[in-house]
Amino acid sequence: MLEIFISCVLSTIILLVYGNLFCSYFFKLNIYKTSNFSENSIFGIIFLSFFALIINFLIPIEKSIGTIMIIISLVLFIIFSLRTKYKKELVSYIFYTSVITFFLLCLSNVNRPDAGLYHLPYTSLINENKIILGSTNIHFRFGHISSVQYLSSIYNNYLFSSSIITVPLASIVSIFLVYLTKEFYSFFNKKKEIAFIIFLILLFSIFNFNRYSSFGNDVPSHVYFFIIIIYFLKINSLKKCDLNTFFKIFILTIFLITLKLFMIVVIIIPFIMFLLSKYKKKIILNKNLIIFSIFGLLWVLKNLLTSGCLFYPIQKTCFKNLDYFNQKQTEQVVNASEAWSKGWSDQKEIILSYDEYNKNLNWLKTWSNEHLKKIFEKITPFAFFLIFLILSIYFKKFFKTKNYKFNSINKKRLLELFVINLLFFSVWFFKFPLYRYGLSFIGLTLIIIIFLLVSRNITLLNKKFFSTFIIIGFLALFLKNGIRIYEKLNIEYDNYPWPRIYSMSESDNNIEKKFTKITDDKNNFIFYYSQGQECMYSKSPCSNYKNKNLKIKKIYNYLIYYF
């Protein structure tokens with residue numbers, strides 16, 4: 001357990017240090033005169049993810065790279081810790097973030113089954129290979145990977161167990177929870193209404209992001225969506241929005257899209273901000289616009305090289321003349337992904353094809369009978385909390401005589417946010433209505449409604465009232481994970497108590513599997529076939545599909561997989 005905790009501390013330091021570098025260069029932040037450690041770490045996650053992506057165009061992200069990045073971060077951290085004016089706050093930040101990360105991570109399961117099918121296999125792929133053209137022909141899910149896989153890959157090093165690649169996903173959530181807590185208290189005395197919305201986002205996040213095995217690639221996307229929303233709410237005037245805020249939202253949005261392509265709808269926020277800004281010329285001429293756009297274009301280039309599509313699997317963005325583009329597979333992925341998210345597998349009588357099921361709301365009845373019920377089950381605990389919160393607020397109002405009005409939040413901004421979120425919600429509902437895809441859209445809808453119901457009474461509430469709920473929320477998170485850890489203390493497996501990266505089964509000893517080598521007619525190695533089971537973090541490239549007729553060639557030392 002000590003190795004896990006040290007790794008959690010190290011992860012916090014790494015993300016903070018590289019976040020400091022990012023913010024000092026792009027946003028001209030004096031890192032020694034600010035205590036916004038969690039906010040800087042949020043951008044550190046972005047920096048390391050794109051850095052790993054850039055490196056992988058040229059070379060594999062081997063252990064040597066991760067080791068060098070750790071050594072550099074430790075040297076920079078020593079310098080930073082000696083020069084910062086907020087040494088106590090720094091120690092507190094590292095401690096709290098590391099403890100949350102530890103509780104989330106220790107003896108947890110990885111995301112089932114996606115981690116075993118493509119999260120871990122793709123991380124292994126980029127640890128062992130530079131970018132592979134046509135990698136979606138090895139496994140179509142390699143077209144759905146997230147920046148999280150690149151972030152995880154750069155953690156692999158010679159100093160710790162390979163299981164350290166599981167740490168950054170937990171760090172993202174713990175940093176986010178600490179960030180929300182700090183933002184709440186910093187805004188409480190200045191703008192209580194914004195603080196109240198942040199408070200609701202914090203509690204909603206604790207309710208939904210308290211189990212590591214459920215994180216996958218979805219939770220980080222919801223984390224960054226909420227961060228964008230908070231930045232958006234803090235803007236007093238879109239017309240006069242300062243350049244730093246605009247570019248923070250811009251890079252956050254680009255990163256969000258690399259986390260989950262479905263989140264591309266969020267690009268409307270910086271687009272609207274640009275259209276309304278009085279600083280359009282300064283934005284266009286700013287180096288940040290060019291560099292951040294290049295980051296986004298590099299991700300698009302990665303998509304093109306791995307799948308033949310700019311935005312896989314959207315067919316209109318695909319180049320059919322590329323040797324490795326698999327049109328038949330891409331068409332199937334488009335229809336199947338949408339149909340399965342709408343409950344296609346739950347059909348009991350007439351079984352419609354993917355294409356027919358997706359048309360004309362044919363899916364609505366089946367989806368309502370199964371998925372809608374699950375969504376209600378998921379949001380019910382938070383809904384009960386909101387009801388209790390409303391009753392508590394009105395109970396306090398009963399003993400007050402003064403009529404309060406809110407004025408510290410821009411009502412127009414809230415209306416804009418509601419309309420924008422309604423658009424996001426609609427796209428989610430009509431295309432991919434799975435709870436894990438639309439979690440943040442649903443949560444934000446509830447939060448805005450609750451805010452409108454109680455907004456005039458928020459000023460009745462003191463800091464102690466909110467702090468009580470926050471403390472209870474964190475205690476519940478620690479208690480839930482503490483019980484889980486206690487119940488699994490006697491389970492023994494290789495590399496205990498890290499999350500298993502070599503096996504999904506709790507009865508397995510978590511030993512790296514040796515899968516069947518598939519070769520071509522000339523006995524050239526093509527890939528490892530896992531006989532239908534999850535590849536996990538095994539030797540790469542690996543697939544649970546046999547992929548008959550898959551071929552391989554090399555051009556300029558780059559591997560190309562094609563049929």
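Helix H2 (37–56), helix H4 (87–105), helix H7 (167–188) and helix H19 (463–487) each give two or more residues to the lining of the second largest pocket, where helices (H or I, at least four residues) are DSSP runs numbered from the N terminus. The model is predicted, so local features need pLDDT of at least 70 and side-chain atom pairs count only at pLDDT 80 or more, while totals for chains, interfaces and linings use all residues. Residues are numbered from 1 along each chain as its sequence is written, and side-chain values use heavy atoms, with hydrogens and water left out.

**The second largest pocket**

- On a 1 Å grid over the protein atoms alone, a pocket is an open set of points with protein on both sides within 12 Å along at least five of seven lines, a cavity is a set of points where a 1.4 Å probe fits but cannot get out, and lining residues have an atom within 4 Å of a point.
- The second largest pocket has a volume of about 540 Å³, a volume being the space filled by probe spheres set on the grid points, which are joined across faces, edges and corners.
- Its lining is made of 19 residues, and those nearest the centre of the pocket are Ser92, Tyr96, Val178, Thr181 and Lys182.
- H4 supplies the largest share of this lining, with seven residues.
- Sorted by class, the lining of this pocket holds 11 nonpolar, five polar and three charged residues, where Ala, Val, Leu, Ile, Met, Phe, Trp, Tyr, Cys and Pro count as nonpolar, Asp, Glu, Lys and Arg as charged, and the others, Gly among them, as polar.

**Cavities**

- There are five cavities of 30 Å³ or more in the structure, and the largest cavity has a volume of about 170 Å³.
- The largest cavity is lined by 15 residues, of which His119, Leu120, Ser152, Leu169 and Tyr212 are the closest to its centre.
- Seven nonpolar and eight polar residues, but no charged residues, make up the lining of the largest cavity.
- The second largest cavity, with a volume of about 60 Å³, has a lining that includes Ile14, Leu48, Gly66 and Met69.
- Helix H3 (residues 63–83) gives the most to the lining of the second largest cavity, with three residues, and this lining has six nonpolar, two polar and no charged residues.

**Helix H18**

- Helix H18 (residues 435–454) has 20 residues and reaches 26 Å from its first C-alpha to its last, close to the 28 Å expected, the expected span being 1.5 Å times one less than the number of residues.
- At Phe441, H18 bends by about 30 degrees, the bend being the angle between axes fitted to the seven residues ending there and the seven starting there.
- H18 is largely enclosed by the rest of the structure, because 14 of its 20 residues are buried (buried means under 20% relative accessible area, exposed over 50%, partly exposed in between, with a 1.4 Å probe and protein chains only).

**Aromatic pairs**

- The count comes to 68 aromatic pairs, where rings of Phe, Tyr and Trp (its six-membered ring) pair if their centres lie within 6.5 Å, with planes under 30 degrees apart counted as stacked, over 60 as edge-to-face and the rest as tilted.
- Phe102 and Phe103 form an edge-to-face pair, because their ring centres are 5.9 Å apart and their planes are at 85 degrees.
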